[in-house]
Amino acid sequence: MNPKLFAAIATGSVLLMVGCSSPSSLQGEAPTAQRETPAQTSSKAAGKSEIVNIISAQLSSEKITLDRDKVDAGPVSFEIRNGSSEPLDVILLKTDLPASQIPLKEGKVDTTNGDVKQVGQLVTSPMPANGDETIVRTLEPGNYLMMVYHPGKIDMAMTRQIIVQPTRM
């Protein structure tokens, strides 16, 4: 073999080995990688490149507790936990109306006048006691209401407002 070619291959191999190693891997430790947020993991698992906003909702028979009530526009994941001992229904509405003015008709939200648009609901309705479910929706900027109620009692629903802000660049 040509001595110059051999020297070039050997030098390249050494440089490759040095470039691929870090001080931690030289000491027998695995290199530390930057951890992904749950939102990044969720969006990768779904085959999406955008980051999903996550709102964690804890439900009880008396109240709705959200870990936050403002998110950026785009994909939003509502991770809902029914901590009550009773089944509960959950719907998500886009509206500028206050909760007390949501129109109801025949035990449901009346969306015929255009002031209210239902944008999400549970797959398993009602959610069983101590159940978990996730609702994922792409939301535009605006005001939203999460309504939680005992089946057949929407007129006694608990509500929480959620504000979706324009995406920050």
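Residues 24 or more positions apart account for 61% of the contacts with a separation of 6 or more in the protein chain; a contact here means heavy atoms within 4.5 Å. The model is predicted, so local features need pLDDT of at least 70 and side-chain atom pairs count only at pLDDT 80 or more, while totals for chains, interfaces and linings use all residues. Residues are numbered from 1 along each chain as its sequence is written, and side-chain values use heavy atoms, with hydrogens and water left out.

**Overall makeup**

The protein chain holds three helices and 11 strands. Both are DSSP runs numbered from the N terminus: helices are H or I with at least four residues, strands are E with at least two. The order from the N terminus is α-α-α-β-β-β-β-β-β-β-β-β-β-β. Of the 169 residues in the protein chain, 31% are buried. Buried means under 20% relative accessible area, exposed means over 50%, and partly exposed lies in between (1.4 Å probe, protein chains only).

Five strands make an open sheet in the order 3-11-10-5-8, with mixed pairing. Strand 3 (70-72) and strand 8 (116-121) are at the edges; each has a single partner strand, so one side of each lacks a neighbour in the sheet. From one strand to the next, the twist averages 30 degrees. Axes for such angles are lines fitted to C-alpha atoms, for helices over the stretch in contact, and angles run from 0 to 180 degrees between N-to-C directions.

Strands count as paired if DSSP finds at least two bridges between them.

| Pair | Sense | Bridges | Residues opposite each other |
|---|---|---|---|
| Strand 5 and strand 10 | antiparallel | six bridges | Leu92 and Met146 |
| Strand 1 and strand 2 | antiparallel | three bridges | Ala57 and Leu66 |

Strand 1 is mostly covered, with five of its seven residues buried. A hairpin of four residues links strand 1 to strand 2.

**Nonpolar cores**

In soluble globular proteins, nonpolar side chains tend to be buried together. A nonpolar core is a set of buried Ala, Val, Leu, Ile, Met, Phe, Trp, Tyr and Cys residues joined through side-chain atoms within 4.5 Å. The largest one has 24 residues, and Phe78, Ile80, Leu92, Leu139, Met146, Val148 and Ile162 touch the most other members. Two or more residues come from each of strand 1 (53-59), strand 2 (64-66), strand 4, strand 5, strand 9 (132-139), strand 10 and strand 11 (158-165). Another core of nine residues lies apart from it, and includes Ile91, Val109, Val116 and Tyr149.

Phe78 shows the reach of such contacts. Beyond its neighbours within four places in sequence, Phe78 is in contact with Ile55, Leu92, Glu133, Thr134, Ile135, Leu139, Met146 and Ile162.

**A charged pair**

Side chains of opposite charge can pair when their charged atoms come close. A salt bridge is a side-chain nitrogen of Lys or Arg within 4 Å of a carboxyl oxygen of Asp or Glu. The count by this rule is one salt bridge. The side chains of Arg81 and Asp132 form a salt bridge at 3.3 Å, N to O. Arg81 is in strand 4 and Asp132 in strand 9, so the pair ties together parts 51 residues apart in sequence. Arg81 is partly exposed at 27% relative accessibility, whereas Asp132 is exposed at 54%.

**Two single residues**

Ser84 sits in the loop between strand 4 (74-82) and strand 5 (89-95). Ser84 counts as buried because its relative accessibility is 5%. Its side chain makes a polar contact of 2.7 Å with that of Asn82. A polar contact is a pair of N or O atoms within 3.5 Å; within protein, one must be able to donate a hydrogen and the other to accept it, and residues adjacent in sequence count only if both atoms are side-chain atoms. Not counting residues up to four places away in sequence, Ser84 touches Leu59, Ser60, Ser61, Ala129 and Asn130.

Lys94 belongs to strand 5. Lys94 is partly exposed, with a relative accessible area of 25%. The C-alpha atoms of Lys94 and Tyr144 are separated by 4.3 Å, though these residues are 50 apart along the chain. Not counting residues up to four places away in sequence, residues touched by Lys94 include Asp115, Val116, Glu140 and Tyr144.
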